[in-house]
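Hello,

Please find the structure we discussed below. My notes on what was found in it follow.

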Amino acid sequence: MREYLRLLGVFFRISFQDDAAYRGEFWMRLLTTLYALAAAVVGLWILFSNTDAIAGWNIYEVLILIGTFHVVGGVIRAVFAPNFQRITEEVREGTLDFVLTKPANSQFLASFRRIVAAAGLESVMGLLIIGYGISQLPEGSNLYTAFAFAFALGCGLAVLYSFWLVLITFVFWFVRIENVTQIFWALFDAGRYPLDIYPGWLRIVVTFVVPVAAITTFPAQGLAGRLSPGSLAVYALLAALSLYASSRFWQYGVRHYTSASS
């Protein structure tokens with residue numbers, strides 16, 4: 001574990017140095033994130049100017065949900081998207097050998113070697129929105145709700161990572177899979193709204209088919225005190241099973257990889 005944490009630090013330092021060479025992109029990402037957050041807050045204000053609650057969620061609980069959505073979005077754009085996109089390119093070019101031959105876990109190296117620090121600003125701003133939403137809740141937050149939020153968010157990211165890893169692993173058999181990831185991005189926007197507002201069939205899709213609700217609504221429910229310890233235990237089990245299954249599928253895919261040197 002210590003060795004992998006050290007590698008993460010090295011990856012972050014190298015990635016930050018690369019990003020520092022393009023400061024214009026840093027400021028552009030910042031402005032884009034601010035614009036997206038401002039648009040979400042304005043839309044929320046317009047919506048709640050005509051009602052006090054939506055499917056049992058008040059304005060500050062929805063604000064926490066939006067903040068959680070942007071925290072997750074920042075992680076996706078900073079870590080998941082750049083690394084998984086790179087995997088597809090390297091499999092297509094037959095250059096994934098440079099990862100597989102290194103003396104470390106290939107899944108870890110392929111998943112976390114590139115960290116776009118500028119994209120992580122979205123997560124920071126999402127945390128600020130969450131903090132403001134908590135401060136406005138009548139009952140505030142306690143130790144359990146804070147733990148439930150952090151725990152559910154961690155489990156949600158694990159489920160999301162596993163889901164995306166399975167999708168990317170199909171590149172070992174189907175080279176062109178960009179359209180599949182675009183489906184994820186299209187459904188991901190549904191995570192900025194409470195799961196309770198959707199019809200039953202769509203709840204099933206964004207919970208079990210594409211786990212959008214698992215990474216946004218559930219953590220926000222934890223912070224609002226709506227998740228029991230039993231729910232957290234089930235959630236942890238699902239996250240562990242997802243990680244295990246996706247890792248085994250990745251190993252199976254690697255065994256079918258045909259490199260440029262083969």
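This is a predicted model: local features need pLDDT of at least 70, side-chain atom pairs count only at pLDDT 80 or more; totals for chains, interfaces and linings use all residues.

Residues are numbered from 1 along each chain as its sequence is written, and side-chain values use heavy atoms, with hydrogens and water left out.

Thr 216 sits in the loop between α9 and α10 (217–223). Helices here are DSSP runs (H or I, at least four residues), numbered from the N terminus, as are strands (E, at least two). Not counting residues up to four places away in sequence, Thr 216 touches Leu 65, Thr 68, Phe 69 and Gly 191; contact means heavy atoms within 4.5 Å.

Helix packing

The axes of helix α3 (residues 59–93) and helix α6 (residues 121–136) come within 7 Å and cross at roughly 165°. That makes the two helices, α3 and α6, roughly antiparallel. Axes are lines fitted to C-alpha atoms, for helices over the stretch in contact, and angles run from 0 to 180 degrees between N-to-C directions. Angles under 35 degrees count as roughly parallel, over 145 as roughly antiparallel, 65 to 115 as roughly perpendicular and the rest as oblique. The crossing of α3 and α6 is left-handed (the near helix is turned anticlockwise from the far one by less than a right angle; clockwise would be right-handed). Among the residues that make this contact are Tyr 60, Leu 63, Gly 67, Gly 73 and Gly 74 of α3, and Gly 126, Leu 127, Ile 130 and Gly 133 of α6. By class, the contact of α3 with α6 has 10 nonpolar, nine polar and two charged residues. For these classes, Ala, Val, Leu, Ile, Met, Phe, Trp, Tyr, Cys and Pro count as nonpolar, Asp, Glu, Lys and Arg as charged, and the others, Gly among them, as polar.

α3 also packs with α7, at an angle of about 25° and with the axes 11 Å apart. That makes α3 roughly parallel to α7. The crossing in which α3 passes α7 is right-handed. On the α3 side the contact includes Val 72, Ile 76, Phe 80 and Phe 84, and on the α7 side Leu 160, Tyr 161, Trp 164 and Ile 168. The contact of α3 with α7 has 16 nonpolar, two polar and no charged residues.

Helix α7 (residues 143–169) and helix α11 (residues 229–254) have axes that come within 8 Å and cross at roughly 25°. α7 and α11 are therefore roughly parallel to each other. Their crossing is left-handed. The contact of α7 with α11 divides into 19 nonpolar, seven polar and no charged residues.

Cores

The largest nonpolar core has 64 residues, of which Ile 76, Phe 80, Phe 84, Trp 164 and Phe 184 touch the most other members. A nonpolar core is a set of buried Ala, Val, Leu, Ile, Met, Phe, Trp, Tyr and Cys residues joined through side-chain atoms within 4.5 Å. α3 supplies the largest share of this core, 16 residues. Another core lies apart from it, with 10 residues, among them Ala 152, Ala 158, Val 159 and Leu 232.

Individual residues

Phe 84 touches Ser 111, Tyr 161, Trp 164, Leu 165 and Ile 168. Phe 184, found in helix α8 (residues 178–188), is buried, with a relative accessible area of 3%. Phe 184 touches Ile 76, Leu 160, Phe 163, Trp 164 and Val 210.

Asn 83 is in helix α3 and counts as buried at 0% relative accessibility. The contacts of Asn 83 are Ala 110, Ser 111, Phe 112, Arg 113 and Arg 114.

Gly 253, in helix α11, is also buried, at 0% relative accessibility. Gly 253 touches Thr 169, Phe 172 and Trp 173. Gly 253 and Phe 170 are 83 residues apart in sequence and 7.3 Å apart in space, C-alpha to C-alpha.

Ile 204, in helix α9 (residues 200–209), is partly exposed, with a relative accessible area of 47%.

Regards

Terms used:
Buried means under 20% relative accessible area, exposed over 50%, partly exposed in between (1.4 Å probe, protein chains only).
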